[in-house]
Amino acid sequence: MDEQTVPRVGDNATGLEREVWNALYGVEDPEMPISIVDLGLIYDLTVEDGAVKIDMTLTYTGCPAREFLLDDIKEAVEAVEGVSEVKIDIRWTPEWTIEMITDEGRQSLKDFGLEVPK
Amino acid sequence: MSNTVDESAESEFANEEQTALATHFLEFADDEFVHGDRLLDWYVKTPTLESHITLANIIQDELGHAREWYERYADTVDMSVDDLVYERRHDEFVHGTLVELPFDQGSWDDAVVRMYLYDVAERHRLENLQGSTYNPIDDLIGKVLQEESFHREHASEWLKALTTDEGRERIEKTVNRLLPYALTLFESAANQQVLVDSGICTKSARRVRNDWFKEVRSFFDELDVDLQVESTHDLDGVSLPEYIGRGKRHTHHWIELHQEQTMEYRNLGLQETDSTL
């Protein structure tokens, strides 16, 4: 897996894919006010005929919020008009690190009172 | 990112490879699960607040890893992860007996020595799977190794602290008592030749054991702790404990722990099979 290309943030997405990215931006980490996209959890997203497939990671394997988070994501994406099904696969490679947090994410955390080291 | 994990990877393997792989997953899963669960005996009883927090994190990691291994095993059989934990009889668990033993008279040095032996073993076993031809493993290894490094650091630092002056003798006794049990982690019912030939692993369990021992030996040498086993050559002569687990017999401590683990599940009437036998 090419570590340079993850996480994905949906920069050039259009159409239904854009709508799905917007929905993902609306899902926050259960513990901090930061979007899961800005946290760098989304590794890949494909939309084909309304079927959405998301590859994502979690910050650690023992994450107790795993089920909540996956449910939140599913619910948010299923609510997008035109989406017929959502499949989420967890990937652990490459390993998530704080470098994957976007600048916007860093700002959200800073506003919350957390400074993420560069 | 390259394409996603090849979901048909399993079909690339012949039956005997499937069986070896599945056995390997379950041994990893049960080791992690029972180790994490047994460490709970120490939760909020460690000698420092910092250690409570560290231990809680370690337990959470081990259970998280167990879940990952169980999921991979569950893909090869028709069972859910919860079924694997709650619906199996105690004699269907395949962990090595090191992880099921209660802590000797509540001694913290037992916990620290055990964590050290286990975590170093885990690293060697994981590294043996790095670059595996089986994608669902390859995806996981880096993450688990990343999370494991502070476990070893925690155990090593405690061992250094506990081997100054009079503590050294106690640690020495504990290490030598637990060493044969630690060797059970390298016993495996999985066909090693098949695992190596198919590229799932790099080395046989015996070679992993020897590499593990060299590291353990040199660490304890530095601490001036004498092991009764001198070399990897002598390791072959060490008698394994009477109970080794791994598909063979477990100690009664495991039966008791398994009863505790599944009690609420049974009380709530959730069991589908009689797992109490």
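Helix α8 of chain B, covering residues 205-222, has 18 residues and reaches 26 Å from its first C-alpha to its last, close to the 26 Å expected at 1.5 Å a residue, the expected span being 1.5 Å times one less than the number of residues. The model is predicted, so that local features need pLDDT of at least 70 and side-chain atom pairs count only at pLDDT 80 or more, whereas totals for chains, interfaces and linings use all residues. Residues are numbered from 1 along each chain as its sequence is written, chains are lettered from A in the order in which they are written, and side-chain values use heavy atoms, with hydrogens and water left out.

Among the residues of α8(B) that are buried are Trp212(B), Phe213(B), Phe219(B) and Phe220(B), where buried means under 20% relative accessible area with a 1.4 Å probe, protein chains only. The buried residues of this helix pack against α4, α5, α6, α7 and α9 of chain B, and just after α8(B), Asp224(B) takes a positive phi of about 65 degrees.

Between the chains, 26 residues of chain A are in contact with 20 residues of chain B (heavy atoms within 4.5 Å). The area buried between chain A and chain B is about 1,800 Å², of which carbon and sulfur atoms give 43%; this is the accessible area (1.4 Å probe) that the two parts lose on being put together, summed over both. Thr61(A), Arg66(A) and Trp92(A) supply 33% of the area that chain A buries against chain B, more than any other three residues. Two salt bridges are counted between the chains (a side-chain nitrogen of Lys or Arg within 4 Å of a carboxyl oxygen of Asp or Glu), and one of them joins Glu71(B) to Arg66(A), with the closest N and O atoms 2.6 Å apart.

Conventions. Helices (H or I, at least four residues) and strands (E, at least two) are DSSP runs, numbered from the N terminus. Buried means under 20% relative accessible area, exposed over 50%, partly exposed in between (1.4 Å probe, protein chains only).
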